[in-house]
Each structure stands twice: as structure tokens, then as C-alpha cells.
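Here is a walk through a structure, meant for someone seeing it for the first time.

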Amino acid sequence: MATTSYSFKENAIASVRVKWLILKTAMEERLVYRGDFAFATLVRFLPIVTQIFLWNAIFAGNTDLVLNGYSYANMVAYYLLVMIARAFSSMPGLANGIALSVRDGSVRKYLIQPVDMLDYLFWHRIAHKLVYYAVAIGPFCLVFWLCRDYLPDWPEPMVTAAWICSLLMAFLTGFLIESLIGLISFWFLEVSSLIFIYMMMNYFLSGHMIPLEWISEWIPWVNYLPFKYLAYFPAAILLGRIPPDTLAVELMIQASWIVVLLVANRMAFHYGVRRYGAFGG
């Protein structure tokens, strides 16, 4: 029994060391071209300005006008909060990277080495987000300070905690959806069309383009899809659009989607590897 316990402890320590090595190496890779990475990160803030002007034009500068339960101030606040959610849930290049790995045979390194592919990609993506947040925190603070008059008052601690949980689960949801699309490349080597379709659906059904209240009347099932939790749900929590008595249920549904997507990823990887064939040295 003592030997088994000691072996388990050694394996746990070794696993933590591997994860830390992956995280550390991935962060160092991101910082090699830190100038280019920082510039690309800052450029992504330009759409915020255009969106604010767009909604100003839609509301024709009328601060008293309300459309589908949203005033101009509500729309600006909603879009800013959605940008934070998207910073957590977006996974640029993940699905394409997996597909390329399958296509060129480099996926073999995950099959012959004691490193789980999904685990490696997960920690690699965390490293990417940490570097991104380090660069983007300044611009985010500046934009939110300039638009402070449009933002709602800070909510109660329980609502804040729910918002943080929703952001962390949005990261997991976005990661698992994109990795699942990438794993489909075990059956279809070219998944660029699938990725394009996903990006279009994500932009529309996640609430990134417009709040889901604007489309839920003619797409009633939109509230049951995982896309909702990538952008709309975290923003709606801080805006008070999720009733307190249903907040816990919504968080449980979001967690359930994570479990479903995780199982789907594991099954796709398991059966994909079984039919995968690579030749050459």
C-alpha cells in the first residue's frame, strides 16, 4: 500500500512538472516575437471604436431610445463586456493547428511520447491567453475608463463570482469546441470549410454580433446551444439580464456542455487515432 501511494505521488509530481514545462515553454515562444504579438493584440481593439460609432448611428444619437430592451448605453456596455468574454473564449488557430498536425503527420509525436495531445494544447492555449492578457490589460482598462458612463454599477459579490466562473467556463467551452472541429480532420483532412461555418455561426449565435434577445424570437433554440456561453452569457450576468434565481441553473448548464464536449473530444481522439495512418520517418 505504501509503495502504491508513493508511486501515485511520484506520478502526480511528474505530471505537474510536465504541465509547468509546457506552460513555460509556450509562454517563451509567444514572447520571442513579442513586438508582433503586442501589435496584433492592440489592433484587435480597433473594432471596438467602430462598433460604438455603429450603434450610435443605429440609435441616431437618441439616448432615450430603447430597442428590444436595450438603450444606447446598454448596447455599448454589452459590447464591451462581450469583448472580455470573447478574449476568454476565442481560440484563433487551434482547429487549423490540429488539422495541420494530422495532415502533415506531426500528430505522431503525441502517439509515441507520454504527452496527451489535448492536455498539451490546453496548457499551450493557457500560455497564449496569459501573454495576451498581460498585453491587453492596459488597453482594456483605458477603453473601459473612457466608456465608464455607459457601464452598470458593480454588482454584488455573488454575481461577480458567477461572472468569473462563466468566463473561465467560456474558455473551456471555446477550447473544446475548436479542438473538436480540429479532431474531425482524422476523417476529413481539410476542415477549413467547417471552421468557416463555425466562425459564422459563432459570431451570430453567441451574441457577439447582436444580443440574443434580438434573435431568440425567431430562433428560439438559440438559448440551448453552447454558443450562448461564449459571449452573451457572461455579459448578460453583469448587465443583470440573468435572473438571480436562474443564475445557478445557467452555470450548471454551461458546465454540462463542457462535460459533453470533453467526452466528445476524447471519443473523437480515441477513434480518430485508431483509423489514423502515417508513413515515413
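Cys 147 has a relative accessibility of 9%, so it counts as buried, where buried means under 20% relative accessible area, exposed means over 50%, and partly exposed lies in between (1.4 Å probe, protein chains only). Cys 165, at 38%, therefore counts as partly exposed. The structure holds zero disulfides, a disulfide being a pair of cysteine sulfur atoms within 2.5 Å.

A word on what you are looking at: this is a predicted model, in which local features need pLDDT of at least 70 and side-chain atom pairs count only at pLDDT 80 or more, while totals for chains, interfaces and linings use all residues. Residues are numbered from 1 along each chain as its sequence is written, and side-chain values use heavy atoms, with hydrogens and water left out.

Now step back to the whole chain. The protein chain has 11 helices and two strands; helices (H or I, at least four residues) and strands (E, at least two) are DSSP runs, numbered from the N terminus. Along the sequence they follow the pattern α-α-α-β-β-α-α-α-α-α-α-α-α. Of the 281 residues in the protein chain, 41% are buried. The chain exposes about 15700 Å², with carbon and sulfur atoms supplying 69% of it; accessible areas come from the Shrake-Rupley method with a 1.4 Å probe, and for residues only the protein chains shown count as cover. Among contacts (heavy atoms within 4.5 Å) with a separation of 6 or more, 76% are between residues 24 or more positions apart.

What lies inside? In soluble globular proteins, nonpolar side chains tend to be buried together. Here the largest nonpolar core has 79 residues, and Tyr 78, Met 117, Phe 140 and Leu 183 touch the most other members. Such a core is a set of buried Ala, Val, Leu, Ile, Met, Phe, Trp, Tyr and Cys residues joined through side-chain atoms within 4.5 Å. Helix 4 (residues 72–89) gives the largest share of this core, 14 residues. To see one of these members up close, find Met 117: not counting residues up to four places away in sequence, Met 117 touches Ile 98, Val 107, Tyr 110, Leu 183 and Phe 269.

Next, look at helix 9 (residues 192–205). Helix 9 has 14 residues and reaches 20 Å from its first C-alpha to its last, close to the 20 Å expected at 1.5 Å a residue; the expected span is 1.5 Å times one less than the number of residues. Which residues of helix 9 are buried? They are Ile 195, Tyr 198, Asn 202 and Leu 205. After helix 9 comes Gly 207, with a positive phi near 90°.

Helix 8 also holds Leu 167, which is buried, with a relative accessible area of 4%. Leu 167 and Pro 234 are 67 residues apart in sequence, yet 6.3 Å apart in space, C-alpha to C-alpha. Leaving aside neighbours within four places in sequence, Leu 167 is in contact with Ile 84, Ala 85, Phe 88 and Pro 234.

Finish with helix 11 (residues 244–275). Helix 11 has 32 residues and reaches 48 Å from its first C-alpha to its last, close to the 46 Å expected at 1.5 Å a residue. The buried residues of helix 11 pack against helix 6 (108–112), helix 7 (117–146), helix 8 and helix 10 (232–238). Those buried residues include Glu 250 and Gln 254. Is Gln 254 buried or exposed? Gln 254 is buried, with a relative accessible area of 0%. Not counting residues up to four places away in sequence, Gln 254 touches Ser 166, Met 169, Ala 170, Thr 173, Tyr 229 and Phe 233. Glu 250 is buried at 16% relative accessible area. With residues up to four places away again not counted, Glu 250 touches Lys 228, Tyr 229, Phe 233 and Ile 242.
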